[in-house]
Structures are given as structure tokens and as C-alpha cells.
Amino acid sequence: MSLLSSVCLAPALLAAAVFTTAVRAADAPTVPDTLKQRIAACTACHGEQGQGTPQSGFFPRLAGKPSGYLARQIRNFQDGLRKYAPMEYTVRGLSPEYAHEIAHYFATQQVPYERSPLPRISDAMLRRGEALATQGDGTRKIPACAACHGMQLTGVEPDIPGLVGLPYDYISAQLGSWRTHTRAMVAPDCMATVANRLSEADITAVSAWLATREVPAGAHAQPAGSVTPPLACGVLGATEAAR
């Protein structure tokens with residue numbers, strides 16, 4: 001092929017490439033720019049309205065949790081304070097604004113709670129779990145769950161989550177994660193302190209008792225400032241009352 005032929009052919013090849021690219025772009029499906037589409041990665045595991053998947057035991061409810069708490073968890077996965085590869089991958093590129101938008105969506109969802117499977121556990125163990133959740137254990141400096149998570153354990157705005165309505169497997173796994181340092185909060189990490197004062201039997205007991213609780217009608221988080229945390233908690237900016 002002569003040089004002249006090559007020169008003449010080049011524009012035709014370029015035009016053909018541009019045309020092919022344009023056709024492929026035209027054939028590509030259009031992804032709607034809606035919040036529903038943007039949170040599809042979240043709802044695949046946590047449910048379309050963040051209701052969770054109780055039967056799985058591990059994907060917690062997001063609906064109705066304080067938006068500050070939900071946004072903080074996204075940031076914790078981004079910062080490496082929480083370790084779970086699928087979540088770390090999903091949220092790693094989210095901007096703070098996007099994270100707060102997602103958190104607000106799930107925080108405003110109001111959907112019925114579903115009962116999750118319960119472990120076989122003795123009445124004595126359930127009584128132990130109730131005592132830990134509602135009274136704590138002063139001899140071992142373990143505060144009651146209700147001291148931070150609210151009288152009905154439905155959470156406190158804007159940063160403390162509810163505990164009722166969560167699966168047993170999820171609660172026990174998270175308490176275990178604080179003990180093994182695969183979940184953390186900004187220092188001082190009050191939940192790590194509590195979890196490390198609990199025995200394995202305590203974790204089983206309190207997780208089981210919490211999972212048996214009926215969720216109060218019209219459950220919602222208590223107002224901000226309605227509890228005084230008994231331990232220093234960096235995420236709350238609280239000063240320590242007791243060790």
C-alpha cells in the first residue's frame with residue numbers, strides 16, 4: 001500500500017472507530033440517577049428500606065437508627081476502625097455528603113420489625129442477660145446497656161443505636177469484634193472497654209436476652225442529651241464518670 005493510500009485511509013478508519021463507539025454508547029443501558037439506584041449496594045444486604053435480613057442473623061436493621069450513628073459507621077469502615085471486607089469495599093469511595101445522604105435515608109425509614117431466630121438458652125442465662133442489659137454488674141464495673149442505649153434500648157439521638165430488634169448472631173458477633181479489635185471507635189472506645197469486661201457467657205446471655213425483646217410500639221431513639229454515659233466515649237465527646 002502506498003503512502004498516499006495510507007494517508008487517505010486513516011480518516012476513514014478514525015470515522016469508523018468513532019461511529020462504533022457512538023453505537024456502543026447508544027446501546028448501553030441508562031442507569032437512573034436516583035437515590036434508590038445509588039444505594040442498591042446497601043439494600044442488597046440490608047433490605048430496600050433497611051429492614052435488615054433477620055433470618056440471616058448477620059445483616060442488621062438500618063431503618064430508624066440515628067443518622068449520626070449510621071454516617072459514623074460508614075466513616076469507621078473507611079478509616080479501618082471496622083473490619084468487614086464487603087462493607088469496606090462498598091463505602092471506600094463515598095464522600096461525607098453522600099454518606100450523610102444515605103444515613104438520612106435509612107434513618108427516616110419506618111418499617112415493621114421481624115423476629116430473628118433465637119438460640120436455645122436456659123432461663124438462668126436469660127435472667128443473667130436481662131440483669132446485664134438493665135442493671136449492669138457493679139462488681140465488675142460493667143454498666144447497663146440501658147445506661148447508654150436508652151431506657152427502652154431503642155437508641156439515643158444522634159449517635160447511639162438501638163439494640164432491640166437486632167439478631168442474636170449479629171449482637172454477639174459485634175461484641176466479639178470489639179474484643180478481637182476488628183471493630184473499634186475513636187478513643188476512648190467505651191464499647192471496647194465494656195466488651196472486654198464481659199465473659200463469653202455474658203456475651204451469649206445479653207445477646208440472647210436482647211434478641212428476645214419485643215420492640216416497643218412506635219419505637220424511636222430518645223432525644224439527644226437524655227442519657228449521661230457512665231464511661232468516657234470518644235465518639236460522644238463524653239467525660240468519664242467512672243471506670
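Contact here means heavy atoms within 4.5 Å. Among contacts in the chain between residues at least 6 apart in sequence, 68% join residues at least 24 apart. This is a predicted model, in which local features need pLDDT of at least 70 and side-chain atom pairs count only at pLDDT 80 or more, while totals for chains, interfaces and linings use all residues. Residues are numbered from 1 along each chain as its sequence is written, and side-chain values use heavy atoms, with hydrogens and water left out.

**Figure 1. The chain has 11 helices and zero strands.** Helices (H or I, at least four residues) and strands (E, at least two) are DSSP runs, numbered from the N terminus. From that end, the elements read α-α-α-α-α-α-α-α-α-α-α. Of the 243 residues, 39% count as buried. Buried means under 20% relative accessible area, exposed over 50%, and partly exposed in between (1.4 Å probe, protein chains only).

**Figure 2. Helix 9 packs on helix 11.** Axes are lines fitted to C-alpha atoms, for helices over the stretch in contact, and angles run from 0 to 180 degrees between N-to-C directions. The crossing is right-handed: the near helix is turned clockwise from the far one by less than a right angle. Helix 9 contributes Tyr168, Ile171, Ser172, Leu175, Gly176 and Arg179 to the contact. Helix 11 contributes residues including Glu200, Ile203, Val206 and Leu210. By class, the contact has eight nonpolar, four polar and two charged residues. Ala, Val, Leu, Ile, Met, Phe, Trp, Tyr, Cys and Pro count as nonpolar, Asp, Glu, Lys and Arg as charged, and the others, Gly among them, as polar.

**Figure 3. Cysteine 190 and cysteine 233 form a disulfide.** A disulfide is a pair of cysteine sulfur atoms within 2.5 Å; here the two sulfurs are 2.0 Å apart. Cysteine 190 lies in helix 10 (residues 190-197) and cysteine 233 in the segment after helix 11, so the pair ties together parts 43 residues apart in sequence. Both cysteines are buried. A search of the whole structure finds one disulfide.

**Figure 4. Cysteine 148 has its closest cysteine sulfur in cysteine 190.** The distance is 5.9 Å, too far for a bond. Cysteine 148 is buried, at 17% relative accessible area.

**Figure 5. Tyrosine 105 and phenylalanine 106 form an aromatic pair.** Rings of Phe, Tyr and Trp (its six-membered ring) pair if their centres lie within 6.5 Å; planes under 30 degrees apart count as stacked, over 60 as edge-to-face and the rest as tilted. This pair is edge-to-face, at 5.0 Å centre to centre and 75 degrees between the planes. Tyrosine 105 and phenylalanine 106 are both buried.
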